[in-house]
Amino acid sequence: MRPFAYERATSAEDALARHDGETLYLGGGTNLVDLMRLGVEEPARIVDVAHLPYDQIQLNPDGGLSIGAAVSNSALAADRTVREGHPVLAQAVLAGASGQIRNLATVGGNLLQRTRCSYFQDASKPCNKRRPGSGCPAREGEHHNLAILGHSEACVATHPSDMAVALTALDASVRVQGRAGEKTIPMDEFHRLPDNEPERDTILEPGDLVTAVDVPPVGMPSRYRKVRERASFAFALVSIAAALDVEGGRVRDVRLALGGVAHKPWRARRAEEALRGASATRESYLRAAEAELEAAEPLRDNAYKVPLARNLIVRMLTELGEGAS
């Protein structure tokens with residue numbers, strides 16, 4: 001591990017002042033420290049932001065939430081207002097990692113965690129995300145759990161966060177303190193597809209500090225489900241965050257996001273559009289799922305994700321629809 005300086009920020013402004021091209025922010029460290037041990041991340045300086053005053057969950061008058069970036073995953077999942085008003089978010093958090101890791105991991109850090117693609121994590125291998133222009137061996141190598149949507153010739157990695165999938169379905173937004181002041185980024189725009197710059201996971205500018213996440217009220221039944229290779233501490237093969245509002249046998253509103261299928265949490269807007277106003281039936285759900293997955297471009301060993309995602313969408317919507325009837 002490369003030697004580095006450790007500093008603790010006293011405010012967002014102090015953190016920004018300490019940040020330069022070789023600096024990384026430290027929250028819970030559950031991903032960053034691992035990457036430093038692997039030689040994937042080699043910052044000259046670590047600025048600890050975990051102790052800044054962003055560790056509260058606030059229930060807003062409209063039923064929405066303001067969640068500080070330093071709130072731990074465990075505290076978020078256990079919070080009564082989250083469990084009762086935004087169950088899909090609590091379920092997504094509990095589906096991620098282990099209890100010990102959730103105790104340390106923070107909301108801001110969870111959104112910024114990096115892919116678990118084995119080529120990215122192995123510093124001896126080429127990887128466009130680690131070294132732009134070096135190549136993407138995953139395309140012809142081990143890719144059974146990598147992207148089927150939105151990938152590029154440069155990268156087929158997937159984003160690992162469960163929480164981010166739920167927040168995407170909930171139309172959340174991320175508050176960010178930057179050098180030019182505070183800005184708010186819609187969750188669906190926060191992460192990016194790889195295109196020709198796979199080294200960029202988000203649209204954040206250098207030094208930008210995530211301070212909070214704002215979540216509007218759900219207003220309809222919601223749920224999260226994750227399909228994985230083992231029962232715990234495994235990343236999603238495919239996951240789904242869904243909310244469904246059925247009235248008079250028809251879909252009045254719906255929100256869907258998929259995990260484990262793309263470089264970012266995948267908002268299933270084609271499926272949503274196909275469902276609004278449609279009959280709340282398995283046939284409608286199937287047509288919507290197929291419309292969304294028409295854009296899929298699976299690789300040699302991950303085509304199984306297409307029927308898996310389709311079946312997961314249909315099953316989740318069926319369960320939510322039955323619960324609403």
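Because the model is predicted, local features need pLDDT of at least 70 and side-chain atom pairs count only at pLDDT 80 or more, while totals for chains, interfaces and linings use all residues. Residues are numbered from 1 along each chain as its sequence is written, and side-chain values use heavy atoms, with hydrogens and water left out.

**Salt bridges**

A salt bridge is taken here as a side-chain nitrogen of Lys or Arg within 4 Å of a carboxyl oxygen of Asp or Glu. By this rule the structure has 31 salt bridges. Three of these pairs are set out below.

| Pair | N to O distance |
|---|---|
| Arginine 255 and aspartate 171 | 3.6 Å |
| Aspartate 245 and arginine 252 | 2.8 Å |
| Arginine 300 and aspartate 301 | 2.8 Å |

The salt bridge between arginine 255 and aspartate 171 connects strand β11 (residues 250-259), where arginine 255 lies, with the loop between α9 (163-169) and β6 (173-178), where aspartate 171 lies, so the pair ties together parts that are 84 residues apart in sequence. Helices (H or I, at least four residues) and strands (E, at least two) are DSSP runs, numbered from the N terminus.

Burial is judged by relative accessible area: buried means under 20%, exposed over 50%, and partly exposed in between (1.4 Å probe, protein chains only). Arginine 255 is buried, at 12% relative accessibility, whereas aspartate 171 is partly exposed, at 38%. Aspartate 301 is partly exposed at 36%, and aspartate 245 is buried at 14%. Salt bridges that share partners join Asp171, Asp253, Arg255, Arg267, Glu272 and Arg276 into one network.

**Helix α12**

The buried residues in α12 are Ser284, Tyr285, Ala288, Ala289, Glu292 and Leu293. These residues cover an arc of only 160 degrees around the axis, so they lie on the same side of α12; the arc is that of the directions from the helix axis to the C-beta atoms.

**Cavities and a pocket**

On a 1 Å grid over the protein atoms alone, a cavity is a set of points where a 1.4 Å probe fits but cannot get out, and a pocket is an open set with protein on both sides within 12 Å along at least five of seven lines; lining residues have an atom within 4 Å of a point. Grid points are joined across faces, edges and corners, and a volume is the space filled by probe spheres set on the points.

The whole structure contains three cavities of 30 Å³ or more. The largest cavity holds about 90 Å³. It is lined by 15 residues, and those closest to its centre are Cys117, Cys127, Cys136, Ala138 and Cys155. The second largest cavity holds about 50 Å³, and its lining consists of Gln113, Arg114, Thr115, Lys129, Thr158, His159, Asp201 and His263.

The second largest pocket has a volume of about 400 Å³. Among its 26 lining residues, Arg116, Cys117, Asn145, Leu146 and Phe235 are the closest to its centre.

**Aspartate 162**

Aspartate 162 is placed in the loop between α8 (118-121) and α9 and is buried, at 7% relative accessibility. Its C-alpha atom is separated by 11 Å from that of alanine 234, 72 residues apart along the chain.
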